[in-house]
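Good morning, and thank you for making time for this presentation. Please have the sequence and the model in view.

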Amino acid sequence: MTRTEHDIALPDLSGRRALVTGASDGVGLRIAARLAGAGAEVLLPVRNPRKGEAAVDRIRAEHPSARLVLHELDLASLASVAALGERLQAEGAPIHLLVNNAGVMTPPERQVTVDGFELQLGTNHLGHFALTARLLPLLRAGRARVTTQSSVAARRGTILWDDPNAERRYDGRRSYAQSKLACGLFGLELARRSSAGGWGITSTVSHPGVAPTSLLAARPEVGRAGDTRAVRVIRWLSAHGLVVGTVESAALPALLAAASPEAQDGGFYGPGWPGHLGGPPGPQRLWAPLRRDDDAARLWSLSEELTGVAFA
């Protein structure tokens, strides 16, 4: 990575084991590459093995001595999440860093996971909720830090308590905002429950701002045949250094939240320019929807009910 004024230094992560979801491209790939470059062994659980292998090649081209391990994971399948948890628990090696980064954004038409959840809620939040629960013994053994990616969309998000899976009315942007608000509320509630229960893990929340990733680009698998107008505008702004960030700068808040010794349990990190769409990473004040502790506790109970997975 070319160092810029927006870069951060990572501590030596030799001997640490990190797991990053969504690491086959975009922001997740940059997070995984930086952690590997700092000495961590990085687990890359991916849905598409071909993209996973390409990601490994790209990271090793940058960091030839990188220690990388591919695993299969489809966050839209609770059975796949459980299978990965079983494999890693059978290995028994502690996990020191977990970055819940993967996501899907605004399918034009409502889609559901194999378990019947609205795709964005099921992938972005429920899949990560279940994965974190399945990995809890390994996270506790590693006294891990868990970092969960939210989004600027969460600023105006609400949890649709009477219709969380958008069965009555689907609006892609509204469901996306709900899913990323849920990610943030989960990360904050995890910090509170770990502290109260003596789990020994810390939990932070980050958001990448806005950057020219593949989230709004052509994604046939979510029913988007071509690039959106929004992503074309974002690419132009990013190329001209205006308002939004780059893929590299968008990875920095999660890296700060996950690996910096200065990051605080229950802290929230994002880009620092006005509007928080781009700029150098740093701590930020929680947005109003993230300050509703009662909603976070209620969401935790709903997530356990929907997934059938509890934090033992």
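I begin with helix 9, where eight of the eight residues are buried, so this helix is largely enclosed by the rest of the structure. Buried here means under 20% relative accessible area, exposed means over 50%, and partly exposed lies in between, with a 1.4 Å probe and protein chains only. Helices (H or I, at least four residues) and strands (E, at least two) are DSSP runs, numbered from the N terminus. The buried residues of helix 9 are L252, P253, A254, L255, L256, A257, A258 and A259.

Before going on, a word on the source: this is a predicted model, in which local features need pLDDT of at least 70 and side-chain atom pairs count only at pLDDT 80 or more, while totals for chains, interfaces and linings use all residues. Residues are numbered from 1 along each chain as its sequence is written, and side-chain values use heavy atoms, with hydrogens and water left out.

Which residues have the most contacts inside the largest nonpolar core? They are I31, L35, V42, L44, I59, L68 and L255, in a core of 37 residues. A nonpolar core is a set of buried Ala, Val, Leu, Ile, Met, Phe, Trp, Tyr and Cys residues joined through side-chain atoms within 4.5 Å. Two or more residues come from each of strand 1, helix 1, strand 2, helix 2, strand 4 (97-100) and helix 9 (252-259). Take I31: apart from its neighbours within four places in sequence, I31 is in contact (heavy atoms within 4.5 Å) with V20, V99, N101, Q149, A251, A254 and L255. There is also a second, separate core of 31 residues, and L84, I95, L190 and W199 are among its members.

I come now to the charged pairs. The whole structure contains 10 salt bridges, a salt bridge being a side-chain nitrogen of Lys or Arg within 4 Å of a carboxyl oxygen of Asp or Glu. One of them joins the side chains of R17 and E41 at 3.4 Å, N to O. Because R17 lies in strand 1 (residues 17-20) and E41 in strand 2 (residues 41-46), this pair ties together parts that are 24 residues apart in sequence. R17 is buried, at a relative accessible area of 8%.

Another salt bridge brings together R30 and E62, at 3.1 Å from N to O. R30 belongs to helix 1 (residues 26-37) and E62 to helix 2 (residues 49-62), so that distant parts of the chain, 32 residues apart, are linked. R30 is buried at 13% relative accessible area, whereas E62 is partly exposed at 29%.

With D293 in helix 10 (residues 293-307) and R192 in helix 6 (residues 172-197), the pair ties together parts that are 101 residues apart in sequence. Both residues are partly exposed, D293 at 39% relative accessibility and R192 at 32%. They also belong to a network of salt bridges that links E189, R192, R193 and D293.

Next, two residues in the loop between strand 5 (145-149) and helix 6: S151 and A166. S151 is buried, at 7% relative accessibility. Its side chain reaches the backbone nitrogen of A153 at 3.0 Å, a polar contact, which is a pair of N or O atoms within 3.5 Å; within protein, one must be able to donate a hydrogen and the other to accept it, and residues adjacent in sequence count only if both atoms are side-chain atoms. Beyond its neighbours within four places in sequence, S151 is in contact with Y176, K180, H207 and W287. A166 is buried at 2%, and its phi is near 50 degrees, a positive value in a residue other than glycine.

Finally, the loop between helix 7 (229-239) and helix 8 (247-250) holds L242. V243 lies in this loop too, with a positive phi of about 65 degrees although it is not a glycine. L242 is partly exposed at 38% relative accessibility, as is V243 at 45%.
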